[in-house]
Amino acid sequence: MASRISFLLGLLAVSFTVSTLASDPGPLQDFCVADKTSSVLVNGLVCKDPNLVQADDFFFSGLHIAGNTTNAPFGARLTPVTVAQVGGLNTLGISISRVDYAPGGMNPPHTHPRATEIITVLEGNVEVGFVTSNPVNRLITKVLGKGDVFVFPIGLVHYQVNVGSTNAVVIVALNSQNPGIVSIPNVLFGSTPEIASDILARAFQVDKNVVDDIKSKF
């Protein structure tokens with residue numbers, strides 16, 4: 001019995017360690033406001049001298065302003081609030097964004113390599129969905145209305161599209177100061193240097209000319 005308890009406690013400790021390593025590093029002091037002038041390369045950003053920190057290091061204004069979707073790619077405009085905009089987010093493992101969608105506007109299939117995402121709809125009707133990993137590849141999708149909330153698990157391919165006849169607005173929260181975004185169409189057809197067309201043609205089981213035509217749009 002004692003050995004079984006020891007095993008379970010050891011397993012719990014390993015699970016806790018793995019889950020901790022899978023998220024942003026935690027702060028070791030009250031705050032670590034990013035020093036954006038430093039040339040030192042670390043995992044994250046170097047801390048500013050705490051004696052020089054001001055309220056504005058933790059402040060952002062603008063999420064009340066609608067993003068201009070007129071000429072936006074895919075009819076959607078992102079207003080991010082990550083550590084790039086608010087230095088005080090450094091080491092805190094959280095960020096937020098606003099996304100505006102024109103009617104029919106979409107956020108194409110993409111992933112966030114460093115974060116789980118949770119969204120809430122402020123205005124409009126938005127279809128959301130994510131796909132589970134191989135081998136099942138199951139699409140889990142739902143149409144959201146005002147006040148609805150939906151979660152996208154970390155690393156899974158997901159999308160949003162405005163299925164209403166009016167503009168839509170969502171607020172996005174992610175558990176990383178710098179969640180990153182990997183847009184599937186862009187990385188496959190617009191990378192630099194580019195992925196060879198014959199590789200993509202074989203992967204998608206289409207003619208190489210089809211791939212070349214898609215690449216010309218990125």
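Leaving aside neighbours within four places in sequence, Asn107 is in contact with Tyr101, Tyr159 and Gln160; contact means heavy atoms within 4.5 Å. The model is predicted: local features need pLDDT of at least 70, side-chain atom pairs count only at pLDDT 80 or more, and totals for chains, interfaces and linings use all residues. Residues are numbered from 1 along each chain as its sequence is written, and side-chain values use heavy atoms, with hydrogens and water left out.

Asn107 is found in strand β3 (residues 106-111). Helices (H or I, at least four residues) and strands (E, at least two) are DSSP runs, numbered from the N terminus. Asn107 has a relative accessible area of 19% and is therefore buried. Buried means under 20% relative accessible area, exposed over 50%, and partly exposed in between (1.4 Å probe, protein chains only).

An unreviewed UniProt entry lists Asn107, His112 and Glu117 under "binding site". Asn107, His112 and Glu117 from this set are part of the lining of the largest pocket. A pocket is an open set of points on a 1 Å grid over the protein atoms alone, where a 1.4 Å probe fits, with protein on both sides within 12 Å along at least five of seven lines; lining residues have an atom within 4 Å of a point. UniProt positions follow the numbering used here, feature names are shortened, and annotations may be inferred rather than shown by experiment.

Glu117 lies in strand β4 (residues 117-123). Its relative accessibility is 3%, so Glu117 counts as buried. Beyond its neighbours within four places in sequence, Glu117 is in contact with residues including His110, His112, Phe150, His158 and Gln160. Val172, Ala173 and Leu174 are also among the contacts of Glu117.

Five strands form an open sheet in the order β6-β5-β8-β3-β10, with antiparallel pairing. Two strands pair if DSSP finds at least two bridges between them. The edge strands, β6 and β10 (182-183), each pair on one side only. β3 and β8 (residues 158-162) pair in the antiparallel sense over three bridges. His110 stands opposite His158 in β8.

The largest nonpolar core holds 17 residues, of which Ile119, Val128, Phe150 and Val170 touch the most other members. Strands β2 (95-101), β4, β5, β7 (149-152) and β9 (168-174) each supply at least two residues of this core. The largest share, four residues, comes from β9. A second, separate core of five residues includes Ala34, Val83, Val86 and Leu89. A nonpolar core is a set of buried Ala, Val, Leu, Ile, Met, Phe, Trp, Tyr and Cys residues joined through side-chain atoms within 4.5 Å. Not counting residues up to four places away in sequence, Val128 touches Ile119, Ile140, Thr141, Lys142, Leu144, Phe150, Phe152, Tyr159 and Gln160.

Backbone geometry was examined in the loops. A cis peptide bond joins Asn134 and Pro135, with omega about 5°. Pro135 is in the loop between β5 (126-131) and β6 (139-144). Asn137 is in the loop between β5 and β6. Asn137 is not a glycine, yet has a positive phi of about 50°. With a relative accessible area of 41%, Asn137 is partly exposed.

The peptide bond from Thr192 to Pro193 is cis, with omega near -10°. Pro193 is found in the loop between α2 (184-189) and α3 (197-204). Gln205 lies in the loop between α3 and α4 (208-215). Phi of Gln205, a residue other than glycine, is positive, near 55°. Gln205 is exposed, with a relative accessible area of 73%.
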